[in-house]
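Me: I would like a close look at a single part of this model. Please keep to what can be computed from the atoms.

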Amino acid sequence: MATKEITLPVIGMTCASCVATVERTLRRTPGVIEANVNFANERATILYDPAATDGQCLVDVIREAGYEVPSAKTMLRVVGMTCASCVATVERALRRHPAVVCANVNFANETASVVYLPDRVSVDELRRVIRDAGYDVLEDAGEAGESGMDREQMARQQEISQLRVKLIVSLAVAVVVMIGSMPHLFPFLRHTPHQTMFYILFALATPIQFWAGWQFYRPAWAAAKHLTANMDTLIAVGTTAAYLYSVGVTFFPGFFTGAGLEPHVYYDTAVTIIALILLGRYLEARAKGRTSEAIRRLIGLQPKTARVIRNDTELDIPIAEVVVGDIVVVRPGDRIPVDGVVREGHSSVDESMITGESLPVEKTVGSEVIGGTINRTGAFRFVATKVGRDTALAQIIRLVEEAQGSKAPIQRLADQVAAVFVPVVIGIALVTFAIWMLVGPQPRFTFALVNFVAVLIIACPCSLGLATPTAIMVGTGRGAENGILIRGAEALEKAHSVQAIVLDKTGTLTQGKPTVTDLLVAEDHAAADVLRLAASLEKGSEHPLAEAIVQHAATQGVELVMPTDFEALPGHGVVGLVEGHQVMLGNIKLMEEQEIPTAGWAERAAALSDTGKTPMFVAVDGQVIGIIAVADTLKPNSQRAVARLHEMGLQVLMITGDNRRTAEAIARQAGIDRVLAEVLPEDKANQIKRLQNEGLIVAMVGDGINDAPALAQADVGIAIGTGTDVAIEAADITLISGDLSGIVTAIGLSKATMRTIRGNLFWAFAYNVLGIPIAAGVLYPFFGLLLNPAIAAGAMAFSSIFVVTNSLRLRGFKATSA
């Protein structure tokens, strides 16, 4: 068993008991063989099995024990990777460094996500590690922003341009060489001496072999220097074998005729293989570029300039110069440059590109605005509160980039295969050559060479390396475009297998604030008068129910007066004088204590309570004149979202601290079939754990600070973006808007992505499992069929293109509207 040792700094230990706690926690972790903690130098030395756990898991374990590991994370843009074997090489090089906690390399977007110990290694040293492994690194690739994306875009465009030129020349030469290799089919070539034709073909093929094919030789040589192999090794060895054999026939024909072999050249094979693989690389590069379009679109939302007021003068300045506290001017049609709070004016703002909400949102004084959204109608001024990397848009971009660079657990099998794929293929090719030389028909050497080359060329580790990350990139990008932020590939994978969804009531299912739902009045009183008296009495109260009544009166245009002799009676209600009348507003206990008759009203109040509402009696001068019911009402789309979740075969539960009667009333309205009521905030995580103990895979949806432990405990934590930062930080998925249909969309997107990944992996494995034996010649004894190396090259190119284009189909995924 291969083991690895890592030494992690641990902050927060104050005594020997802390040392024992950290050691005990680490030793209980699966995969940890030995753990020793030194209190004096605050370091933990851990010996572990890298097949069972990794450095990031160990860091998380220490943090969960209540201590801190000062680590940092960077994204490096790696240049020169051509297949999944390259990914394995770069990951292996990074993980061998003692200060690297975790390293994941994504072949699709050519990035390395590295968690490291900043006190023991610098980013420059990490770049050197990658370069020493035979690859290059773009400077400042980890920047989330327009400049970083511009550099990546320029590098990709340059790569595509170079491939296009090489492809055009290679295809043109391949056609000419193919014609020259079959002179018997073309009358104008029939009388050309064989040897002369060989020299012409040599002259045409040599530039293609070493100019167009140089991009295969360079990485193959770099891999060889580090005693590894990649797909370029297969291409370089295969085409070189065909080319050198042809060169030998061209310049030393007597050697072959003397050995009883008919002189025959394979320049067409070498050139056609290179041309077809370049075609595949060209199409693949273009398709891979489209997988990161979501990031580019998000970055394109940010305007380059902002109009601010400084020294009483309006100035247009670069967006990088905007600082917190600046007064920013926004006119109709402008794109809002940074985050802030409206100071004056009002307007409607299109936030669809951030939240996925199609309807414009009204903004007035005190409303928050998000950078990157579009102002529609009015003009307003706002105070900048977040700029640069702190804006919501910058954080969204950073989250999406990290998610696209992460690895899904389903990719592990492909990574394990890719790590040994190329050496195994070379071994199969050598065995194929040996078998054909021993038992093959005459001319044995020709048959052996052709099948040797075909095996090397048809093998495609590329498709294995692209199968998962391309789908993850497109899936997470599509989620971001629909207002769903997925923190990593693991969350995207887990979401598809969720069996139960637990919805927090307040702020998730409901609006999160009470509103007036019913106003019942006596026959001899007008509704407006009852509302005016009640709202006037509550005008001086800060209770949430009082605020709901006052706000409802304002929306109805009711004019209020100031009460006198106001008194709050905790647990009962309020009393006071309004326009000389004694007014009471409260529950039935208040009415009973004041001996106010409630005949005919108590039953109506009980009926309101049964539907989850809070009834409050309005009494004037000792007589009940009405009931005002207040409730935290369901969000408009909650019922539809719950119904859609049921249609997906999911069990939907509601968790709340409310009493069971109120909770069940709300659950009935929403269509929820199981209620977890009277749950204390600190017990929410335990309720999730109980559901998991029932064998359910659980997703928790919440928005408050008290939901954070439950979100962390759940298999998938989903935070409502309108909630607290603590909840969002603890979640795996964030719905930027408060729209519950985002849950349906997120699970649907996860299922679509996993279907795509499984399809990709099936194709990648099936192609290689079937293609390599066919290329080796297993069909020849039965059907007399052999695979031409040129056809093998075309099949290999198609394999990679199929995987990428299949992933790109996810761009057509439609969000669910509830």
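How much space lies in the second largest pocket, and which residues line that pocket nearest its centre?

Reply: This is a predicted model, in which local features need pLDDT of at least 70 and side-chain atom pairs count only at pLDDT 80 or more, while totals for chains, interfaces and linings use all residues. Residues are numbered from 1 along each chain as its sequence is written, and side-chain values use heavy atoms, without hydrogens and water.

The second largest pocket holds about 730 Å³ of space. A pocket here is an open set of points on a 1 Å grid over the protein atoms alone, where a 1.4 Å probe fits, with protein on both sides within 12 Å along at least five of seven lines; lining residues have an atom within 4 Å of a point. The volume is the space filled by probe spheres set on the points, which are joined across faces, edges and corners.

The lining consists of 26 residues, and V79, G80, E159, Q162 and R218 lie nearest the centre. Strand 4 (72–79), helix 5 (146–180), helix 7 (214–225) and helix 10 (267–291) each supply at least two lining residues. Helices (H or I, at least four residues) and strands (E, at least two) are DSSP runs, numbered from the N terminus. Helix 5 gives the largest share of the lining, seven residues.

By class, ten lining residues are nonpolar, six polar and ten charged. Ala, Val, Leu, Ile, Met, Phe, Trp, Tyr, Cys and Pro count as nonpolar, Asp, Glu, Lys and Arg as charged, and the others, Gly among them, as polar.

Elsewhere, Q713 sits in helix 26 (residues 708–713). Its side chain and that of Q692 are joined by a polar contact of 2.7 Å (a donor and an acceptor, N or O atoms, within 3.5 Å; residues adjacent in sequence count only if both atoms are side-chain atoms).
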